[in-house]
Amino acid sequence: MKRTLESLEKGSLEGRRALVRVDFNVPIKDGAVTDDTRIRAALPTIKYLRERGARLVLLSHLGRPKGGPDAKYSLQPVARALEKALGAPVTFLSDPTSSEAATITKRLPRGSVALAENTRFFPGEEKNDAALAGQFAALGDLYVNDAFGSARRAHASTEAIARILKPSVSGLLMERELRYLGEALRNPKRPFVAVLGGAKISGKIDLIEALLPKVDEILLGGAMACTFFKAMGLETGTSLVEADKVDLARELMAKAGDKLVLPRGAIIAQQLAPNVETRTVRRDAIPPGWAVYDIDPETERQFASKVERAGTAVWNGPMGVFETPPFDHGTMAIARAMADATKRGTVTVIGGGDSAAAVAQAGLADRITHVSTGGGASLEFLEGKELPGVAALDEA
């Protein structure tokens, strides 16, 4: 277990500079933030520190700037969006590596907030450079990592800094991620059901193999189910099939036995487009020239029933091409099943990425036990991999 923000002694935050790594890697268009979900996710930690008299200095990356500063990836629009979310002014540090920036942070009023420019503007960030981490560390008296989505990378602002600036603790969002994802793996309420989807089996091999010994069932949908259909000797038409993974799919089925539940049927079409002719077929009746784009209603009902009876349900990956209706139906059915299961007492965890987007699109995010902000990080955590940004934090 990692030391948490709440473990710090009462009164110990008053007047101190809390250097907080957040994940403000948000979409920006025409100089404005178009989705502030990640900003709002960090507000509980920011509020907690402000109420206790800390001076906050926030670090984040944005996008993938190449070779130094790029106005397109500046965090200045994020500072404006943060001001709106907080209802308070935010000081912007254009060069957080300068001695002037460190002086500014020491003069911040208690409870105020500063946001540093994109950490990836500075050489050494992605190389986990200790010298850069030391420059960042000069901005704070303690370190709080609340950026679970960035914890999978050993960068100067996520890993090296946690070994320099002490105490080094998890923020409220990070703590929540570790608690729910960790509990799902360590001590799940039974039955433990995982719902896995997405396009390619190659992206989920490690996850399937990591979960198999722990779960009671894996419900598998998405285009990657077609590789399993091919391994069963079924016709898959023009569906996406990873030919080089067919043998692996066969091995996984043999190893998993009844634990691995594949779709009984599919929604198929001759091309991926809105308003195209579709058919509902059993998995052994996919004709040549047609492709699988979603699970069928019978599979929806079967998967939903298993989710709703689960003690713990973890979901990662869509059931179909949910960005293109009508092939969003299966994914939305799982989203509704997860929400219904939560109401019945199931611990439901959405493993970030497309699944989180689908739940948000369905307006059900607040009806799920925990929706991970992590994306790739949540996937790696569920696979049992160590996340450098988490490993570097103080032990409880």
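Predicted model: local features only at pLDDT ≥ 70, side-chain atom pairs only at ≥ 80, totals over all residues.

Which residue in S15 is the bridge partner of Ala194? I checked, and Ala194 has Val314 as its bridge partner.

**Entry 1: S15 and its neighbours**

I started from that pair and looked at the strands around it. S9 (residues 192-196) and S15 run parallel, with five bridges between them. Then I looked at S16 (residues 347-350), which is parallel to S15 and joined to it by four bridges. One position I wrote down here is Ala313, which stands opposite Thr348 in S16. I also traced the chain between these two strands: S15, helix H11 (residues 329-343) and S16 form a β-α-β unit, and it is right-handed.

**Entry 2: is S15 buried or exposed?**

My cut-off for buried is under 20% relative accessible area. I went through the two faces as well. Thr312, Val314 and Asn316 are on one side, Ala313 and Trp315 are on the other, and all of them are buried. Val314, the partner of Ala194, is therefore under 20% relative accessible area, as buried is defined that way.

**Entry 3: S9 and S10**

Back to S9. This strand is mostly covered too, with five of its five residues buried. Phe192, Ala194 and Leu196 point one way, Val193 and Val195 point the other way, and every one of them is buried. Val195 has Leu219 in S10 as its bridge partner. To get from S9 to S10 the chain goes through helix H7 (residues 205-211), and I noted this β-α-β crossover as right-handed.

**Entry 4: H1 against H2**

I looked at H1 (residues 37-51) and H2 (residues 76-86), whose axes come within 11 Å and cross at roughly 65°. The crossing of H1 past H2 is right-handed. Which residues meet there? From H1 I listed Ile39, Leu43, Ile46 and Arg50, and from H2 I listed Val78, Ala81, Leu82, Ala85 and Leu86. Sorted by type, the residues of this contact come out as eight nonpolar, no polar and one charged.

Notes
Residues numbered from 1 in each chain as written. Heavy atoms only, no water. Axes fitted to C-alpha atoms, helices over the stretch in contact; angles between N-to-C directions. Left-handed = near helix turned anticlockwise from the far one by under 90°. Contact = heavy atoms within 4.5 Å. Nonpolar A, V, L, I, M, F, W, Y, C, P; charged D, E, K, R; others polar. Buried < 20%, exposed > 50% of the residue type's maximum accessible area, 1.4 Å probe, protein only. Pairing = 2+ DSSP bridges. Right-handed = clockwise from strand over helix to strand, strands pointing away.
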